[in-house]
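Hello,

Here is the structure you wanted to look at.

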Amino acid sequence: MMVKQHMLFTLYSICGIVLKVGLSLPGAQGQVPLVQNMTVTEGGTANLTCRVEHNDNTSLQWSNPAQQTLFFGDKKALRDNRIELVRATSQELTISISEVSLSDEGLYTCSLFTMPVKTAKAFLTVLGVPKKPEINGLTKPVLEGDHITLTCVTSGSKPAADVRWFKNEMEVKGAKEVNASGKTFTVKSSLRLHVNRDDDGVAYTCRVDHVALTATHEETTQVLEVHYAPYVEIRQSTNVPQEGQYLKLQCVPKGNPSPDPVLWTKDGGELPDMDRMIVDGRDLTFTSLNKTDNGTYRCEATNHLGTSHAEFKLVIYDPNELKRATDHALIGGIVAVVVFATLCLIIVLGRYLARHKGTYLTNEAKGADDAPDADTAIINADGNHAHAEEKKEYFI
């Protein structure tokens, strides 16, 4: 025993460290080092603490997973600028490891040099932070009707990251694939699309969620540019064009690339009166309408993917005819209201008469059991013979 103690003392003296060897003293058996497992994100700082409730000034020591001594008491044993002493007392030894990497993960040992030496082990878990995702497979522009596959890739996560797709903030499902690379994982998610014109300008976002991203998430967004043939719509400034009025017809073509300029025609030919019909960009304006403007107007739009058109049939109304039609409509409305009110009155009156007829029959029935005729039944129902003459009815 004495030889073993001498060898331990000599070993730590060579390292320039004075060791107090724990002998079998009273209470030594109750000295137990206490540690806790720790999880830290890659690049962060890990604090490893070892405590003992009762200590007789016996030294504490931290060792790494490779069993290299990091600190013996307050003496640093490993040359690593990332490792620093936080606190060293007879009852506690706390060290810190900054800029933690995945290679730092493992089982760390706290030793209490009693006799025999007592140890406790703490596992340091290092979370790998996923890299910003990349979206592949998108070419600009995309033609309407094309089939494309968007692929989102993120690497460096530990454990494997969760990858999700969003179409204008609404989640859509992709096909997920996970591959291990050393201690980290590469996650890929694919999204297959059949592109149409409604996808033009739609934002597809790949979002990465991970336990190491506590405050936020990593994401990348791509906006689709879809080229498609035009389609056309004509809008009018008034619903009832009248002689002498101003009218604007707006040609609204939708297509990508934008179909500009547009072509206006009337009844299959050129516009007849360019003094009153003014073409300004996509708009056709009539400064003062007259009956000769009646006809079918056509707006045509073209881009490199095709041509489309819309037609508008213009009918000019006479203001006097419109006034007469309005008067007739007003009179018809009044007549309809009167007829409706009359029908309602008839229905109410009919119900009233039916209700009172039922009451009469009920009163007659009250005396019908012992009465030889209807007149007697009415008199018996009231129980009053004094007014019998008033209650008689005569049928011809």
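**Cysteine pairing**

Take the bonded cysteines of the chain in sequence order, and they pair 1-2, 3-4, 5-6. The count is three disulfides, where a disulfide means a pair of cysteine sulfur atoms within 2.5 Å.

Before the details, two points on the source. This is a predicted model, so local features need pLDDT of at least 70 and side-chain atom pairs count only at pLDDT 80 or more, while totals for chains, interfaces and linings use all residues. Residues are numbered from 1 along each chain as its sequence is written, and side-chain values use heavy atoms, with hydrogens and water left out.

Two more terms come up throughout. Strands are DSSP runs of E, at least two residues, numbered from the N terminus. Buried means under 20% relative accessible area, exposed means over 50%, and partly exposed lies in between (1.4 Å probe, protein chains only).

**Cysteine 50 and cysteine 110**

These two are joined by a disulfide, with S to S at 1.9 Å. The bond links distant parts of the chain: cysteine 50 sits in strand β3 (residues 46-52) and cysteine 110 in strand β9 (residues 106-112), 60 residues apart. The angle about the S-S bond is -75 degrees, and the link is left-handed. Cysteine 50 and cysteine 110 are both buried.

**Cysteine 152 and cysteine 206**

Here the S to S distance in the disulfide is 1.7 Å. Again, distant parts of the chain are linked: cysteine 152 belongs to strand β13 (residues 147-157), cysteine 206 to strand β18 (residues 203-209), and they are 54 residues apart. Why is this disulfide called left-handed? Because the torsion about the S-S bond of cysteine 152 and cysteine 206 is about -70 degrees. Cysteine 152 has 0% relative accessibility, so it counts as buried. Cysteine 206 is buried too, at 0%.

**Cysteine 251 and cysteine 299**

The disulfide between these cysteines has S to S at 1.8 Å. Cysteine 251 lies in strand β21 (residues 247-256) and cysteine 299 in strand β25 (residues 295-303); the pair is 48 residues apart and links distant parts of the chain. The torsion about the S-S bond of cysteine 251 and cysteine 299 is about -75 degrees, so this disulfide is left-handed. Both cysteine 251 and cysteine 299 are buried.

**Cysteine 344**

Is cysteine 344 buried, exposed or partly exposed? Cysteine 344 is partly exposed, because its relative accessible area is 31%.

Best wishes

Definitions and conventions:
Helix = DSSP H or I, 4+ residues; strand = E, 2+ residues; numbered from the N terminus.
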